[in-house]
Amino acid sequence: MKVVATYNIKGGVGKTSTAVNIAFLAARGGLRTLLWDLDPQGSATYLFRIKPKVKGGGKALVAGRRTLDDAIKGTDFDHLDLIPADFSYRHLDFDLDSTKRPTDRIRRMIAPLKGEYDVVVLDCPPSVSLVSENIVHACDVLLVPLIPAMLSVRTYDQLIDFVDGMSGRKPQVMAFLSMVDRRKKSHREFADRLPQDRASVMAEVIPNRAVIEQMAQERAPVPAFAPTNPATTAYEALWARVQSGLTATG
């Protein structure tokens with residue numbers, strides 16, 4: 001079982017749309033896939049038409065009074081399940097802090113699912129927190145969407161420092177540019193230059209397309225309702241690269 005986390009310190013960079021679309025593509029490819037919506041805003045949960053509620057909330061899951069198995073819901077798509085968001089996740093830092101080995105708790109919670117799933121995708125809230133540390137320890141690939149702007153790159157450098165400064169198990173960091181409008185010279189320059197400047201930034205980009213915003217109206221992943229759209233092609237290329245990264249992690 002491999003774990004992919006979509007994460008960025010900064011919000012509004014396409015994190016949830018990435019998590020939803022790569023989880024769908026993994027399942028479409030026949031992999032038993034679980035998406036855990038860890039963001040209390042619950043956007044991924046909404047897109048899959050599932051109520052954002054976990055019995056007992058995040059506290060019950062973290063304390064072990066309920067297992068992740070108890071919280072799993074099926075989606076409308078084959079091979080794809082979801083652990084929904086819950087508004088109580090806003091207190092997840094405090095819940096984790098009350099456990100033994102608090103920076104490793106989420107990894108230990110996921111571990112029993114090894115026989116049930118091939119891929120687990122974590123959609124993470126934007127923050128630097130105990131939840132963030134848990135995510136970094138839990139995942140094999142940390143997938144980081146960046147928007148083509150200098151402040152986003154600066155935040156990414158802070159994220160790399162954060163990961164490098166952590167002790168213990170560390171993931172492979174794979175970043176990519178999101179919301180790219182190639183009609184803009186600055187976006188084209190970012191897309192061309194950033195993968196050359198930083199080895200952890202992939203050449204694959206996600207375009208700034210209206211169809212991605214339409215996910216909220218369709219309440220479905222882009223490949224499910226717009227299979228021939230260039231955004232679908234871009235997500236397919238991104239998932240193919242992430243899969244090769246997962247293979248490289250052993």
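In β5, the bridge partner of threonine 6 is aspartate 123. That pair belongs to a predicted model. Strands β1 (residues 2-6) and β5 (residues 119-123) run parallel and share five bridges. They sit in an open sheet of eight strands with mixed pairing.

- β3 (73-74) and β8 are the edge strands, and each of them pairs on one side only.
- Strands of a sheet pair through backbone hydrogen bonds, in either a parallel or an antiparallel sense.
- β6 and β7 run parallel, joined by six bridges. Here leucine 146 stands opposite leucine 177 of β7.
- β7 and β8 also run parallel. Three bridges join them, and alanine 175 stands opposite valine 201 of β8.
- β7 is mostly covered, with seven of its nine residues buried.
- Helix α13 (residues 230-248) lies across β1, β5, β6, β7 and β8. Its direction is at about 155° to β8.

**The β-α-β units**

- β6, α8 and β7 form a right-handed β-α-β unit.
- β7, α9 and β8 form a right-handed β-α-β unit as well.

**Helix α8**

- How far apart are the end C-alpha atoms of α8? They are 21 Å apart. The helix has 15 residues, which at 1.5 Å a residue should span 21 Å, so the two values agree.
- The buried residues of α8 are Ser152, Val153, Thr155, Tyr156, Leu159, Phe162 and Val163.
- Why do these buried residues line one face of the helix? Seen down the axis of α8, they fall within an arc of 165°, so they share one face.
- The general rule behind such patterns is that an α-helix has 3.6 residues a turn, so residues three or four places apart point the same way.
- The face turned away from the buried side carries exposed residues: Met150, Leu151, Arg154, Asp161 and Asp164.
- What do the buried residues of α8 pack against? Their partners are α7 (130-138), β6 (141-146), β7 (172-180), α9 (185-197) and β8 (201-207).

**Threonine 155**

- Threonine 155 is found in α8, which covers residues 150-164.
- Is threonine 155 buried or exposed? Its relative accessible area is 12%. The cut-off for buried is under 20%, so threonine 155 counts as buried.
- Leaving out residues up to four places away in sequence, threonine 155 touches Asn8, Ile9 and Lys10.

**Aspartate 95**

- Aspartate 95 is found in helix α5 (residues 92-97).
- The relative accessible area of aspartate 95 is 10%, so this residue is buried too.
- Which residues does aspartate 95 touch, not counting those up to four places away in sequence? They are Gly58, Lys59 and Val62.
- Arginine 49 is 46 residues from aspartate 95 along the chain. The C-alpha atoms of aspartate 95 and arginine 49 are separated by 27 Å.

Key
Residues numbered from 1 in each chain as written. Predicted model: local features only at pLDDT ≥ 70, side-chain atom pairs only at ≥ 80, totals over all residues. Heavy atoms only, no water. Helix = DSSP H or I, 4+ residues; strand = E, 2+ residues; numbered from the N terminus. Buried < 20%, exposed > 50% of the residue type's maximum accessible area, 1.4 Å probe, protein only. Contact = heavy atoms within 4.5 Å. Expected span 1.5 Å × (residues − 1). Arc of directions from axis to C-beta. Pairing = 2+ DSSP bridges. Axes fitted to C-alpha atoms, helices over the stretch in contact; angles between N-to-C directions. Right-handed = clockwise from strand over helix to strand, strands pointing away.
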